[in-house]
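Hi,

Here is the structure I promised to pass on. Have a look at it first, and then read my notes below.

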Amino acid sequence: MPKKRDVVLKVEDLVVRYRVGRRRVNAVNGVSFELERGSMLGIVGESGCGKSATAHAIARLLPKNGAIEGGYVDFDEREGERLCLSELPARSEELRELRGKSVSMIFQDPLSSLNPVYTVGRQISEALLAHEKMPREKAKERVVKLLERLGIPEPLKRYNDYPHQFSGGMKQRVMIAIAMICDPAVLIADEPTTALDVTIQAQIIDLMRELQRERGTSIILITHNMGLVAECCDEVAVMYMGRIVEKGPIERIFGNPLHPYTSALLRSVPVLGMKRRELESIPGGTPDASEAIEGCAFCERCSKAFGECAGALPAEIEAEPGHFVCCHLYREEGASE
Ligand code: SF4
C-alpha cells in the first residue's frame, strides 16, 4: 500500500489574472499541487509561465494589477482550515497571521526588497515583533542568534548596519533571516540565487537546505534552472502557460519525462562535458496569454502534436504512482499511443 503523504500545504484550482492596459492576462489557470512536510518542491518553466504569480498568490503578495480569481489553500499548520484566497481581505488580521507564521517568502533581488533607511537588525526584528509578543531586547537576541547561524560574521555589530554595508550574498542571507525568523511552516524562495554569482549561489542553496533539515521547513523553490532543481528538490512541477503540465518525484521527472515540454526543457539544460551544439532550444514562442486557448497550449511548438491536441485541453492523469501529466499522448492507464 502506498505511504500516506504528510501534506503541509495544498493548493487547489488557483486562478490569477493581471490587467495590463486593456488586456487581461491569464497568468495562472487552475493550478493544484501538494507540498510534503520537510520537502523541497521545485516549480520550473520559462519566463512568464506563471510560476512567480503562483508563489505570490499563495503569500497574497501580488502587485496591484494582479487578482486572484479563484483557488483555495489548506495549511496543515492552520489545522486543515481551508482558505479561499480570493475572499481573504487584503489587510486582514488573518492575512497577517498567514504571512510569517504559515508562509514566508524570499525574493530574487535583495537590494530592492530591503529598506535602505533602516538597519538590517531592525528589519528582521520588525518581522518577529509583528507576529510574536516579546520585549525588543529579546527579539534582538533571537535575531543576532539567527544572523550568526546564517554565517554573518560579528552579528551583534552587523545588527546595526544598513543594507548598503552588506555584499549581495550577505544581503540575501539577511532576506533569509527575515523570512525564517518566525519559523514559517512553508518558505517560498522565488529565484533566490539569480542575482548572485555562482559561488555565492551554492552557499545560499546549501544554507537553505541546512535550515530545512534543522527546522523541518517545507520549501517551494521557484526557478528556471533545471540543474538547481535536480540538485536540491524532492519533487518538481513543470509549468507552461499558467498550468502545471507535469509533476512528480524528481527521479521520475528527470529519469522518465512524459510531457514533450518537460523533455524539451531537459534537452536544453547544459551538462558538464556536453558540446555546445548538442543543446537544443524549444522552437517558437509562447502564445499570447490574453487570448483564450482551446486545446493544448504547447501545440504550436510540440513535435508530437496530433489531431486531438488543438481541439481539447488535455486532462491531468496519474501516469504512474505519484507522477502526473497533462498530455493527450497518455491515457488514464498511462499507455502511450
Ligand atoms: Fe504535444 Fe499534444 Fe501532448 Fe500538447 S497534448 S504536449 S500538443 S502531444
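How many bridges join strand S10 to strand S12? There are 2, between S10 (residues 243–249) and S12 (residues 323–326), and these strands run antiparallel. Glu246 stands opposite Val325 in S12.

Before the rest, some housekeeping. This is a predicted model, where local features need pLDDT of at least 70, side-chain atom pairs count only at pLDDT 80 or more, and totals for chains, interfaces and linings use all residues. Residues are numbered from 1 along each chain as its sequence is written, and side-chain values use heavy atoms, with hydrogens and water left out. Helices (H or I, at least four residues) and strands (E, at least two) are DSSP runs numbered from the N terminus.

Now the sheet. It is open, has 8 strands in the order S6-S7-S8-S3-S9-S10-S12-S11, and its pairing is mixed (two strands pair if DSSP finds at least two bridges between them). S6 and S11 are at the edges with a single partner strand each, so one side of each has no neighbour in the sheet. From one strand to the next, the twist averages 20 degrees (axes are lines fitted to C-alpha atoms, for helices over the stretch in contact, with angles from 0 to 180 degrees between N-to-C directions).

Next, helix H7. Residues 168–180 make up this helix, and its 13 residues reach 18 Å from first C-alpha to last, close to the 18 Å expected at 1.5 Å a residue (the expected span is 1.5 Å times one less than the number of residues). Of those 13 residues, 11 are buried, so H7 is largely enclosed by the rest of the structure. Buried here means under 20% relative accessible area, with exposed over 50% and partly exposed in between, using a 1.4 Å probe and protein chains only. What covers the buried residues includes strand S6 (103–106), helix H5 (136–149) and helix H8 (198–215) (contact means heavy atoms within 4.5 Å).

Last, the aromatics. Tyr240, Tyr261 and Phe298 form one cluster (rings of Phe, Tyr and Trp, the last by its six-membered ring, pair if their centres lie within 6.5 Å; planes under 30 degrees apart are stacked, over 60 edge-to-face, the rest tilted). The whole structure holds 3 aromatic pairs. One of them, Tyr240 with Tyr261, is tilted, at 4.6 Å centre to centre and 55 degrees between the planes. Both of these tyrosines are buried. Tyr261 also pairs edge-to-face with Phe298, at 5.2 Å and 70 degrees.

Cheers
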